[in-house]
Amino acid sequence: TLIFMIETHFCRVVFLGTGYWFFWSIVLLSLFGILAAYCSLLVVLAFLLVWEGYEPNLHWCHKILVLLVILLSLFFFWILCKFWQDRWLTAGLSLQIFAPYVHLSSITVMVILSWPVGFYLIHLEEEARIRRYKMAPNDRERTKRCNTLTKLRALQVAIGLPFFLILLCLYVMPLGIHSPCIQEEGKLGPKPDFFGHRGAPMLGPENTMMSFEKAVEQGAYGLESDVQVSFDQVPFLMHDNDLRRTTNIREVLPNASFTHSAFFRWHFLSTLNAGKWFSKPFYKMKRLSKADRGRAENQTIPKLTDLLELAQKEKKFVIFDLNAPPQKHPLRNTYIRRVVSVILASKIEQHLIFWLPNFDRQYVRNAAPGFQHVGRLFSIERLTKENISRINVDYKRLFYHGLREYKAANIKINLYLVNEPWLYSLAWCSRIHSVTTDNIHILSQLNQPYFLMTPGYYMFMWLLMDSVSAVLIVTIFYFHCLQNRERGSQESSNLSIKPPFRVMESPWTLAALYPALTKNTKKHPGSRRLLVVPKKASEPEQVKGTIKPLMPHEDAVRQLASTKKSFEPMWNAARKDTFQTALPSLNMNKPTISSVEISQSETESENTPNIFYPFPSLFSFWNPYKVHSGLLNVAQ
């Protein structure tokens, strides 16, 4: 939006200087879109690196490009703040029209955003719960996990708090909305009249008779123009001080293209073409038909009397800006009287003239008492003193300064330059009497203001949207909660079942290796240990019997002592011999020792059984090298 606003102003400046309109937005928006996407990608990657605990380290070329994007953004933002101050006023006015719909649309957007926000908040909550549950007793591990929990909570706050604050503000937003288009039925004022700004500049070359005739065809209430006075005292219609933009002066007399138009005589001005430039389409301009294109290319600079004749014929009002001649012009100090005399000589009805110039107004009152005097943004006291009942003001200034006061004083208001339908709707709802516009062909088609609604209807939409959105957001969060619990239950079902606290000793345990098992804990080279619950101190230590140590057969030991290379192909045979020689001496129908009490270690996982196996690899992965080492230890 920023670039588009700058581009529109830039294109207009280029157009005013060259007469050619080029859509620079295609180039600028493409360039800045690529740069914005590039910087956004870098930000996402940096965030992911920081999230994973890595320090982002950009290459020097990336740093230069990011710095360039920042400098360009600051430069264009400075341009906007300096040269587009009035546009910020327009943005504020637009809220008076769009605020109800911005409110409803924003709530819809928040409902859509609640899906990813709810997912991440619930996911972060579950992650924090799991980390808190698995918190280790070690101080360093506990500190590390606490820091992780703090980061998770901070991330939850950073995501959830802005979301819910914005949502709350949107829910109460209508309490601060004041829009003139929210009003009761039957209170809407009449449709504002149109003054064609330099005629109908979107349908014909500005300030030409074709443009004014097109405005009359579109139902214009009045015609607006700009008047210059030639060197030989002929008032003519021209907005710019030079002739470059709207005539072919650079083809006819290139050396004089920068000369002020008031220094030319009417005989030369009447020979210039004032319509060829219009055949090139520019911003918001519809393509002309073949007949209109041919007609536009033959337009010339009109005199003021030509416009007055058309206004008298069509009974249209005329309002114009009268530009003072430059220094060394023969009518430098008397141009007002010359223009008044030309108007009176045209025999136009005096009440059709809206006299806007402030200079020498008293003379005008005396020479033409029938003129309707139009003021600027004057105070009510000055307007009353000068007997002015109509003002012509910039819409941006009026809506921020004294609209209610002027309406209370029964001052008729004409706004310029109103080109957008939403802005015209705002003027209509505010009971403005008339507007000056370039787009008369568009605004004349409106039958009622945009976004008009009654307070009761808006209240109903407000409460309905708030209620529905709140229900949807709560439902979305609840759905994510259920999904998270379902995932958690599935994960826990895949874990091993807790072992019983009383288990039968396997013959391959410490009980078979140590003749007398005391209440002391015996350690094994492995990471697991067998914990024996100590008996009461008063009871004497008893051992039910001494169990003869398990001694493997020496042939099996000899086979297992062979090299790894020769051992691997014979593993199946060796394993068979080992079990046939080592295990038959044990009677599996009778336990070798009574059951012992086993308690879980506090540091062990909940779902890990605490049953000790002296050769875990033997019963799990069947690693021959580990079994060989274990059996050698047994033999020793």
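Visitor: What covers the buried residues of helix 10?

Guide: In this predicted model, helix 10 spans residues 304-314, and its buried residues are Leu-304, Leu-307, Leu-308, Leu-310 and Ala-311. The elements that cover them include helix 6 (209-217), strand 2 (222-229), strand 3 (235-237), strand 4 (317-322), helix 11 (335-345) and strand 5 (353-355).

Visitor: Why are the buried residues of helix 10 on the same side?

Guide: The residues concerned are Leu-304, Leu-307, Leu-308, Leu-310 and Ala-311. They lie on the same side of helix 10 because the arc they cover around the axis is only 160°. An α-helix has 3.6 residues a turn, so residues three or four places apart point the same way. On the other side of helix 10 are the exposed residues Glu-309 and Lys-313.

Visitor: Is Val-44 buried, partly exposed or exposed?

Guide: Val-44 belongs to helix 2, which runs over residues 24-51. Together with Leu-41, Leu-45, Phe-47, Leu-48 and Trp-51, Val-44 makes a nonpolar surface patch of about 600 Å². A residue is buried under 20% relative accessible area and exposed over 50%. Because its relative accessibility is 46%, Val-44 counts as partly exposed.

Visitor: How far apart do the end C-alpha atoms of residues 97-122 lie?

Guide: The unreviewed UniProt entry annotates several stretches as "transmembrane region", among them residues 97-122 and 152-173. For residues 152-173, the span is 95% helix and 0% strand, with its end C-alpha atoms 31 Å apart. Residues 97-122 are 100% helix and 0% strand, and the distance between their end C-alpha atoms is 38 Å.

How values were computed. Residues numbered from 1 in each chain as written. Predicted model: local features only at pLDDT ≥ 70, side-chain atom pairs only at ≥ 80, totals over all residues. Heavy atoms only, no water. Patch = residues over 30% accessible without salt bridge, like charges linked within 9 Å, V, L, I, M, F, W, Y side chains within 5 Å. Areas by Shrake-Rupley, 256 points an atom, 1.4 Å probe, with all protein chains shown as cover. Salt bridge = Lys/Arg side-chain N within 4 Å of Asp/Glu carboxyl O. Helix = DSSP H or I, 4+ residues; strand = E, 2+ residues; numbered from the N terminus. Buried < 20%, exposed > 50% of the residue type's maximum accessible area, 1.4 Å probe, protein only. Arc of directions from axis to C-beta. Contact = heavy atoms within 4.5 Å. UniProt positions renumbered as here; feature names shortened; annotations may be inferred.
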